[in-house]
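Student: I am new to this structure and would be grateful for a close look at one part of it. Please examine the place where the two chains meet, and then connect that place to its surroundings.

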Amino acid sequence: MIEFRSVSKQFPDGTLAVDDFSLTIPSHRTTVLVGSSGSGKTTLLRMINRMVDPTAGTIEIDGVDIASLEPVKLRRSIGYVMQNSGLLPHRKVVDNVATVPLLRGVPRKTARADALAMLDTVGLDRGLADRYPSQLSGGQQQRVGVARGLAVNPNILLMDEPFGAVDPIVRAELQQELVRLQSELGKTVVFVTHDVDEAFLLGDQVVILEEGGRIAQIGSPTDILAHPANDFVASFIGADRGKRALHVERHDGREVLVDSDGRLAGVLVGDAAPGQVGVPR
Amino acid sequence: MNWVWANLDLIRDRTLDHLILSVPPIILSFVIALPLGWLANRYRLSRGVILTVSGLLYAIPSFPMFIVLPALVGTTLRSPLNLVIALTIYGVALMVRVVADGLASVDADVQRSAVAVGFSTWTNFWQVELPLSGPVLLAGLRVVAVSTVSLATVGAVIGAQSLGSLFTDGFQRGIQAEIITGIVATVLLALLLDGALVAVGRLALPWTRARKSVRAAARLRLPVEVTP
């Protein structure tokens, strides 16, 4: 469990990126921080592995104040995946995946063998192991990034807009892959994005942020969509327009769903079985 | 050419002397410039001071340097060590800026992600920053190598035997072939060291070629086949 307690961050230039932020992130669930730029979402994420230290308040992981932990050691125990993969361009794929285990002193042979197995886990061909990152496609690089994040089998996985720079088809593939992985591994995932669709797809708990890290609403995707807390949330998630604003029209005795632009979204087949929607994975 | 055939031993000895005078300064200037360049890149204040001072070193004329150095470091006026020290100073003057620029050229995203996954400042320098600035460092080192080989010829004037001795001796005795031999041998030696550095670079920086081959393949629209 990760707990933010009245956390603020003021940068040296005076910008108040996060102001009195409190949040509990449950273990073994995916929490998505979603907001536009300036909402402080990346700053919040970076505070968890002490890339950024708060100017006020405390952050605890499983009851331990992380300010009391050595930053380098803390970072080696937390998986981190970022946009543009952040892979080391001078190391082969397998060595990139083995990076953190090697830093933690795992023998080279073991680390490489584990790294190869990790490639299987994220759905990469072992034949790519000896390539350099520049020889992979964007989607493959991102998978290597995820493999590197998981290599030390961390409890916590931080993901900073990891699929932001790949094309929509590959992004959808990577998102499904993450859903599959998470259902197998059950990590405490903290995921940052500006894409509401991505947040609703991946998040068990979604945190919608306004400027300065102010929480507009916290809840499951279903809660938020069904009961947006205010106009900001409603407009941010697009509940009032496009494919989220569906209405029923009768057509030859059947009920069809039409979105606000008049496009056909599907047919109504009856009520879902109770509990089928919005169950945490 | 007759002079050359008759004096092969002399040419070989002077070439070896020249190597012994020029290789240590090349290595030393790299080793000394590393921490200075790192410091210059790390803090804005130190950058200004270190780069200005090291740049000024290069402006010191060589002859006064040869005369002042023995007094400063306690060597004799005709010791070859003076030349090694002077060449190292010139090499450092060039390399410090190269190291600072090389470290600054490392992609900020890669740096940030290295810190985020748990590289300490020390491991980050040796395992990330240094190798990734390799191409820039190599380019700088090649300039230092060639300029050191060429500067080492002046050693002849202060009594350090080198290929430069072939020009001074040739001038004094009026042997044109000896002068030309000195010039040609110096150029060849410079090319040889440059080639050696390129070869070291190929071995030490294999990923730089991987990237090029991808780009070339992309241009030709060929699939990239990478053999492990």
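**Where the chains meet**

Tutor: In this predicted model, the contact between the chains draws 21 residues from chain B and 21 residues from chain A. On the side of chain B that touches chain A, the elements giving two or more residues are helix H6 (108-117), helix H7 (121-132) and helix H11 (206-220) of chain B. The largest share of that side comes from H6(B), with 7 residues. Sorted by class, the residues on the side of chain B that touches chain A are 15 nonpolar, 4 polar and 2 charged.

Met82(A) belongs to strand S6 of chain A, which covers residues 78-82. If neighbours within four places in sequence are left aside, Met82(A) is in contact with Asp160(A), Pro162(A), Ser113(B) and Ala116(B). Met82(A) counts as buried because 25 C-beta neighbours lie inside 10 Å, where 20 or more are required. Glu255(A) stands 173 residues from Met82(A) along the chain, and the C-alpha atoms of the two are separated by 44 Å.

Chain A also contains a helix that deserves attention, H6(A), formed by residues 138-150. At 1.5 Å a residue, its 13 residues should span 18 Å, and the end C-alpha atoms are 19 Å apart, which agrees. Of these 13 residues, 11 are buried, so H6(A) is largely enclosed by the rest of the structure. The buried residues include Gln140(A), Gln141(A) and Gln142(A), as well as Arg143(A) and Arg148(A). Also among them are Val144(A), Val146(A) and Leu150(A).

The loop between H6 and strand S7 (156-160) of chain A holds Asn153(A). Asn153(A) is exposed, because 12 other C-beta atoms lie within 10 Å and a residue with 12 or fewer falls in that class. The phi angle of Asn153(A) is positive, about 50°, although the residue is not a glycine. Ser6(A), likewise not a glycine, has a positive phi of about 45°. Ser6(A) lies in strand S1 of chain A, residues 2-10, and counts as exposed with 12 C-beta neighbours inside 10 Å.

The C-alpha trace of chain B spans about 65 × 45 × 25 Å along its principal axes. Of its 228 residues, 35% count as buried. Among contacts in chain B with a separation of 6 or more, 69% join residues 24 or more positions apart.

A pair of helices in chain B shows how two such elements pack. The axes of H9(B), residues 164-173, and H10(B), residues 176-204, come within 8 Å and cross at roughly 160°. That angle makes H9(B) roughly antiparallel to H10(B), since angles over 145 degrees are counted in that way. The crossing of H9(B) past H10(B) is left-handed. From H9(B), the residues Gly164(B), Leu166(B), Phe167(B), Asp169(B), Gly170(B) and Phe171(B) meet Gln176(B), Glu178(B), Ile179(B), Thr181(B) and Gly182(B) of H10(B). This contact of H9(B) with H10(B) has 4 nonpolar, 5 polar and 2 charged residues.

Terms used: Residues numbered from 1 in each chain as written. Chains lettered and ligands numbered in written order. Predicted model: local features only at pLDDT ≥ 70, side-chain atom pairs only at ≥ 80, totals over all residues. Helix = DSSP H or I, 4+ residues; strand = E, 2+ residues; numbered from the N terminus. Expected span 1.5 Å × (residues − 1). Contact = placed C-beta atoms within 7 Å. Nonpolar A, V, L, I, M, F, W, Y, C, P; charged D, E, K, R; others polar. Axes fitted to C-alpha atoms, helices over the stretch in contact; angles between N-to-C directions. Parallel < 35°, antiparallel > 145°, perpendicular 65-115°, else oblique. Left-handed = near helix turned anticlockwise from the far one by under 90°.
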